[in-house]
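I opened the notebook to jot down what I could look up in this one. Here goes, one entry at a time.

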Amino acid sequence: MPTPSTVSSRNPPLQVEALGDRALLAILGQGIDPGVNDRVHKLAALLRKVNLPGVLDLVPAYATLAVHYDPVAWSGGEGSPHEALTRELLRLWKGAGKASTPPPRQVEIPVCFGGAFGPDLAEVASLCALSEEEVIARHTAATYRIYMIGFSPGFAYLGGLDATIAAPRRATPRTRVPAGSVGIAGMQTGIYPVATPGGWQIIGQTPMRLFLPEREHPCLLGPGDRLRFVPVDAEAFRAYAEKGR
Amino acid sequence: MSFRIESFGLLTTVQDLGRRGYQHLGVGPGGAMDEVSHRLANLLVGNPAEAATLELTLSGPTLQFKTETLIALCGADLSPTIAGQPVPLWRPVLVGTGTQLRFGRPVEGVRCYLAVEGGVQVPGVMGSTSTHLSAGFGGFQGRPLKVGDRVEPGPGSGERYPSLRRRFRQGQSLFLAPDWFVPWSRDLDFIRPSVLRFLPGPQWPLLTSASRQSLLESAFQVAPNSDRMGLRMQGPKLSLERPLEMVSSGVATGTLQLPPDGSLILLMADRQTTGGYPRLGEVASVDLPRAAQLRPGETLRLAPMALPEAQALLLDREVRFRELEGVLTELQSR
């Protein structure tokens with residue numbers, strides 16, 4: 001097993017390990033940590049800017065950035081394509097300035113809570129020994145960080161949920177959760193971009209379309225964005241849904 | 001120029017070399033499961049490698065060609081016939097107006113690629129024509145083909161293989177193929193157990209030594225619930241020395257995941273973009289077409305390989321593709 005390459009610099013060290021022969025993982029720390037995730041998005045922004053040859057996909061996650069590449073573009077030099085690209089990443093990271101990250105994008109998501117839009121709101125409230133209004137107030141007070149997008153097209157992993165409204169998953173998952181549903185599962189909260197089966201407690205729904213494959217920018221949300229939920233009533237929900245059509 | 005689906009197979013989808021540049025939005029690459037067969041079929045009819053083909057699965061559809069069409073079939077042998085006559089794989093085939101192409105018993109492999117000159121014409125979504133089955137977009141209206149669908153090839157030159165075309169038009173047969181073929185079926189290696197070489201990953205050393213030994217020495221069976229997302233393997237249960245809490249991280253096509261039930265999953269074209277299970281390693285890219293041709297119930301073995309060697313084999317394959325392109329360009333002008 002090759003030892004991961006590391007470099008120390010003004011930026012915290014970057015570790016690189018192979019993710020097979022057509023991808024690698026840049027490791028910027030561990031666990032779910034805003035500082036670590038900032039570094040992931042900083043490296044992603046840097047690589048998007050320099051636009052290295054043969055780099056096909058950059059996938060930020062909590063603590064890692066996956067770099068999918070075409071080995072042909074990194075062949076012909078010293079060592080394997082993996083070694084050549086790793087050297088370049090370590091060099092770029094070493095030279096990256098401290099203040100190169102653009103401020104994150106802020107997105108507001110209108111949500112109609114409870115009733116048919118959020119069939120599990122009452123259960124979440126009772127599990128947390130709060131009123132429904134308090135659950136909504138705490139859910140909409142926070143600014144959430146989009147750590148990463150994965151699971152399904154446009155599905156955002158949000159961090160920053162108020163621990164007092166963390167509720168366990170439903171005992172039996174629903175076979176179909178409508179698109180736009182806003183749910184809670186443990187310390188996680190998120191929005192279902194497309195209708196899928198799911199076991200999260202659904203507390204509300206947004207009329208915003210989060211994933212539109214035919215658009216030039218198919219996803220409303222991007223990794224690294226900040227997000228707030230804004231409560232709207234059923235009438236506003238319908239008006240918004242009509243307008244969006 | 002078009003053809004019509006007269007009966008649908010198990011799963012017939014439009015595929016290309018995959019969707020690139022959208023994985024950060026949770027959109028996986030998709031594309032042909034067996035990229036070697038897909039690329040060869042395209043090259044044989046003079047298409048660029050990334051043109052759309054039809055990926056046929058185990059039991060193929062019946063297709064009716066409305067006009068004379070240059071096609072190629074590569075990959076699994078699903079017993080293609082025209083008017084009862086076997087249609088050869090791995091070479092260009094001219095099929096006549098009104099001809100019906102059928103498929104029969106799957107002889108070996110799972111996925112056969114049908115390329116038509118000009119490529120299958122469907123609108124690209126996010127830079128790719130491949131079908132995203134779970135989200136229902138791309139390919140042919142975001143779904144597998146069904147009876148009555150009319151598939152339109154794009155504009156082709158109609159001038160490749162002029163001497164073959166002349167002979168075809170002078171003869172009485174419903175189709176005509178040259179007697180040469182591209183001998184690339186060994187890249188797929190239909191001998192069982194198949195050997196998939198893998199690059200040990202970060203959690204490989206965390207397996208118990210008994211599990212490492214059984215992974216290297218046992219034969220695994222492909223489970224029936226394997227699909228375009230992943231090959232699920234049945235075999236000895238594997239376990240780590242101690243449970244590992246991991247947060248989600250990027251995965252690749254070829255990643256060998258170990259979920260808590262101890263059964264390996266090999267991630268394939270329609271995989272998710274990120275995953276949270278321990279990663280035992282990645283199967284070498286040159287062996288993924290072979291994995292794509294494994295049927296439920298068939299056996300495979302896993303053998304370790306070093307990364308530089310895997311990349312050297314991949315680069316070597318690209319050289320062979322370039323050489324083949326040169327040879328085919330010459331043959332297509334004759």
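First, a word I need: a contact means heavy atoms within 4.5 Å. The model is predicted, so I note its ground rules: local features need pLDDT of at least 70, side-chain atom pairs count only at pLDDT 80 or more, and totals for chains, interfaces and linings use all residues. Residues are numbered from 1 along each chain as its sequence is written, chains are lettered from A and ligands numbered from 1 in the order in which they are written, and side-chain values use heavy atoms, with hydrogens and water left out.

**Entry: chain A overall**

I looked at contacts in chain A between residues at least 6 apart in sequence, and 60% of them join residues at least 24 apart. The C-alpha trace of chain A spans about 65 × 35 × 35 Å along its principal axes. I found five helices and 14 strands in chain A; helices (H or I, at least four residues) and strands (E, at least two) are DSSP runs, numbered from the N terminus. Of the 245 residues in chain A, 53% are buried. Buried means under 20% relative accessible area, exposed over 50%, and partly exposed in between (1.4 Å probe, protein chains only).

**Entry: a sheet in chain B**

In which order do the six strands of the open sheet in chain B come? I read β7-β6-β9-β4-β1-β11, with antiparallel pairing. The edge strands are β7 (85-86) and β11 (150-151) of chain B, each pairing on one side only. Two strands pair if DSSP finds at least two bridges between them. Strands β1 (residues 3-7) and β4 (residues 62-65) of chain B are joined by four bridges. I picked out B:Phe3, and its bridge partner in β4(B) is B:Phe65.

**Entry: where the chains meet**

Chain B puts 45 residues into the contact and chain A puts in 44. The area buried between them is about 3300 Å², and carbon and sulfur atoms give 64% of that. Buried area is the accessible area (1.4 Å probe) that two parts lose on being put together, summed over both. On the chain B side, B:His24, B:Leu25 and B:Gln311 lose the most area to chain A, together 18% of what that side buries.

I counted two salt bridges between chain B and chain A, a salt bridge being a side-chain nitrogen of Lys or Arg within 4 Å of a carboxyl oxygen of Asp or Glu. One salt bridge links A:Arg22 with B:Glu35, with the closest N and O atoms 2.9 Å apart. α5(B) gives the most to the side of chain B that touches chain A, with eight residues.

**Entry: B:Thr255**

I found B:Thr255 in strand β17 (residues 255-257) of chain B. Is B:Thr255 buried or exposed? B:Thr255 counts as buried because its relative accessibility is 0%. Its side chain makes a polar contact of 2.7 Å with the side chain of B:Glu282. A polar contact is a pair of N or O atoms within 3.5 Å; within protein, one must be able to donate a hydrogen and the other to accept it, and residues adjacent in sequence count only if both atoms are side-chain atoms. Not counting residues up to four places away in sequence, B:Thr255 touches residues including A:Leu19 and B:Arg279.

**Entry: B:Val120**

B:Val120 sits in the loop between β10 (108-116) and β11 of chain B. B:Val120 counts as buried because its relative accessibility is 5%. B:Ala52 is 68 residues away along the chain, yet the C-alpha atoms of B:Val120 and B:Ala52 are separated by 5.1 Å.
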